[in-house]
Amino acid sequence: MSPLQLSVYWRLALIFLFSSFLFFLDILSDAVATDTCLHDNSSIVDPENNQSGSRDRFRRTESGNRDSVCGWTDVLSYGQTLYMSGLLLGSLVGGAISDRYGSRPTLLVFVCLHIVCSLVPAVLPQPLVFLAVRCLAGVCNSIINVSSFCLAVEWTLPSARVWPSAFLPFCFSLGTMGGALLAWLSPTWKQLHLSLAIPQLICLPLYLSIPESPRWLLLRRRKDVLERYRSNSTRDQRCLDQLLDSACSDLKKAQKEEPVTDHTPGDIITHLRHPTVLLRLIIMSYLSVASALTYYGICMNIGSFGVGIYSAQFFSGLSEAPCLLIPLVRLGRRPISMLTLFLSGAACFLSLLLSRYNSEPVLVMSLALMGKLCILATSSISILYCIELFPTVVRQRCVSLVNLSFRLGSLVNTLVPPSSNGAISLAAMLVYSGGPIIGSGLCLMLPETSDIPLPDSVEDCDRQPRPRPPGLDAHWWARKLWSSRTTKPENLPAEKDTLKQLTGLI
């Protein structure tokens with residue numbers, strides 16, 4: 001990697017690490033506020049009941065302490081819903097803002113806003129302010145993700161573009177572990193938010209020197225900036241030449257195809273209604289909803305497994321670290337999607353069974369975290385799988401619809417109430433386990449797309465290889481083939497094509 005590529009990656013690694021601090025802030029804030037209020041009341045409560053579902057019993061009226069949050073701990077449960085709503089809003093506008101103003105300015109602006117969202121609750125611990133800040137933090141996080149992924153991919157050579165989707169979530173998991181450690185060391189509400197905001201504030205000057213995307217600079221004809229990047233070192237010059245050659249070839253291809261792909265809205269709707277495109281869109285949207293429900297269902301209820309909230313949050317982040325190895329797996333898009341979906345559903349189902357038989361909380365949580373790891377692997381693969389499944393004419397629209405389904409699934413998950421004892425309800429756990437298993441079966445209807453050129457039209461989608469397992473007719477013809485070999489020296493002419501297909505299937 002060239003020095004400029006390294007500077008992009010380690011700065012984006014810091015940004016993703018810090019973005020996880022506010023992602024799970026509601027869980028950490030609830031734990032710290034509960035401990036603070038218990039300490040202020042000098043109450044002795046069984047630590048096993050110190051869960052998010054029993055927060056109401058620790059409320060009290062503020063008495064002379066204006067910074068106390070004990071009078072509105074019940075409001076904290078709405079913070080995650082507003083945060084997910086902000087993620088949904090950010091995903092709708094983040095791409096357009098990044099394309100217009102560039103990934104670097106967009107990233108800097110919303111990283112600054114993200115830091116402000118970390119500081120405000122420490123200075124103004126008011127319920128309405130907290131909820132507004134949570135929604136704004138969700139918007140910032142979503143746009144930061146979009147800009148960071150665009151910047152990382154566009155600074156990566158085409159042969160290695162599978163790595164950003166694995167490396168950046170790995171940094172996010174490191175931030176999850178770090179946030180849990182900082183929350184454990186923070187005894188009060190104000191110290192918690194300051195401990196999460198100050199590291200971001202210290203690292204803010206480092207982001208000012210992050211380079212802009214070379215592809216965006218080429219489109220904007222900012223040749224002076226490109227020349228400045230090229231003059232840094234010989235390795236930077238070689239890297240930029242390769243990146244710009246790839247960008248120029250893509251632009252030339254797009255210019256050649258521009259008259260052909262100039263479709264009216266009616267043509268686009270016709271393409272979306274095509275049976276092949278519609279089937280793939282429905283399946284990928286379902287997989288996105290199932291992945292969001294399972295992943296966020298386990299993340300947001302990590303304290304309901306009977307393990308300490310800080311330890312559970314730490315190991316929740318640790319369980320996502322192996323996703324860094326996903327690019328090394330060479331099983332193809334479809335087989336690994338089916339495998340990870342099935343393993344996720346099976347692990348969640350075993351976790352549900354063991355929890356009903358009062359098994360060890362550590363074992364129950366470990367199985368649930370294994371399910372979360374597998375569903376995260378599915379989500380990482382789906383990023384590339386969606387791009388490879390849909391034709392160029394409607395690819396961006398289909399990918400946007402699939403992403404929208406994921407955000408809607410995460411938003412719906414925050415509206416699911418816990419059971420009376422604070423644990424994950426039986427119906428919710430059945431959804432978390434059954435959804436991925438059904439999705440694993442639906443993947444049988446999708447083609448394998450690895451090492452295959454991207455489809456430019458619906459006809460290209462129809463020509464993609466799709467395995468067809470032999471059915472009853474095939475078994476009947478196989479028996480007839482066996483009997484014909486034992487009784488007759490030749491086959492009927494009408495059977496030759498079918499026998500040829502059977503040979504290929506075998």
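This briefing walks through the fold, the salt bridges, the cavities and a few individual residues of the structure above.

What you have here is a predicted model, where local features need pLDDT of at least 70 and side-chain atom pairs count only at pLDDT 80 or more, while totals for chains, interfaces and linings use all residues. Residues are numbered from 1 along each chain as its sequence is written, and side-chain values use heavy atoms, with hydrogens and water left out. The protein chain has 20 helices and zero strands. Those helices (H or I, at least four residues) and strands (E, at least two) are DSSP runs, numbered from the N terminus.

**Overall picture**

- The protein chain has 506 residues, and 49% of them count as buried. Buried means under 20% relative accessible area, exposed means over 50%, and partly exposed is in between, using a 1.4 Å probe and protein chains only.
- Take the contacts between residues at least 6 apart in sequence: 82% of them join residues at least 24 apart. A contact here means heavy atoms within 4.5 Å.
- The accessible surface of the chain comes to about 24900 Å², and 64% of that belongs to carbon and sulfur atoms. The areas come from the Shrake-Rupley method with a 1.4 Å probe, and for residues only the protein chains shown count as cover.

**Salt bridges**

- The count comes to two salt bridges, each being a side-chain nitrogen of Lys or Arg within 4 Å of a carboxyl oxygen of Asp or Glu.
- One of them joins the side chains of D26 and R134, at 2.6 Å from N to O. This pair links distant parts of the chain, with D26 in helix α2 (residues 25-41) and R134 in helix α5 (residues 127-154), 108 residues apart.
- D26 is buried because its relative accessible area is 6%, and R134 counts as buried at 1%.
- K372 and E320 also meet through their side chains in a salt bridge, at 2.5 Å from N to O. Here K372 sits in helix α15 (residues 361-389) and E320 in the loop between α13 and α14, 52 residues apart.
- Both K372 and E320 are buried.

- On a 1 Å grid over the protein atoms alone, a cavity is a set of points where a 1.4 Å probe fits but cannot get out, and lining residues have an atom within 4 Å of a point. Grid points are joined across faces, edges and corners, and a volume is the space filled by probe spheres set on the points.
- The largest cavity has a volume of about 70 Å³. Its lining is I15, F18, S19, V111, H114, I115, I144, Q200 and Y207, and the elements that give two or more residues to that lining are α1 and α4 (103-123).
- Y207 turns up again as a contact of R11, along with L206, S209 and I210, leaving aside neighbours within four places in sequence.
- R11 itself is in helix α1 (residues 3-23), and R11 counts as buried because its relative accessibility is 10%.
- L208 lies in the loop between α7 (189-203) and α8 (214-219). L208 counts as exposed because its relative accessibility is 52%.
- L208 and R11 are 197 residues apart in sequence, yet 9.8 Å apart in space, C-alpha to C-alpha. With neighbours within four places set aside, L208 is in contact with R104 and L108.

**Nonpolar patch and its surroundings**

- V329, L331, L339, F342, L343, M370 and I437 make a nonpolar surface patch of about 570 Å². Patches are made of residues with over 30% relative accessible area and no salt bridge; like charges are joined within 9 Å, and nonpolar side chains (Val, Leu, Ile, Met, Phe, Trp, Tyr) within 5 Å.
- Helix α14 (residues 333-356) gives the largest share of the patch, three residues.
- V329 is found in the loop between α13 (309-318) and α14. V329 is partly exposed because its relative accessible area is 39%.
- F342 of the patch is also touched by S440, as are M338 and L341, not counting residues up to four places away in sequence.
- S440 lies in helix α17 (residues 426-442), and S440 counts as buried because its relative accessibility is 8%.

- L408 is in helix α16 (residues 395-414), and L408 is partly exposed because its relative accessible area is 40%.
- The C-alpha atoms of L408 and S85 are separated by 8.6 Å, although the two residues are 323 apart along the chain.

Notes
1 Å grid on protein atoms, 1.4 Å probe; cavity = no way out; pocket = protein on both sides within 12 Å on 5 of 7 lines; lining within 4 Å.
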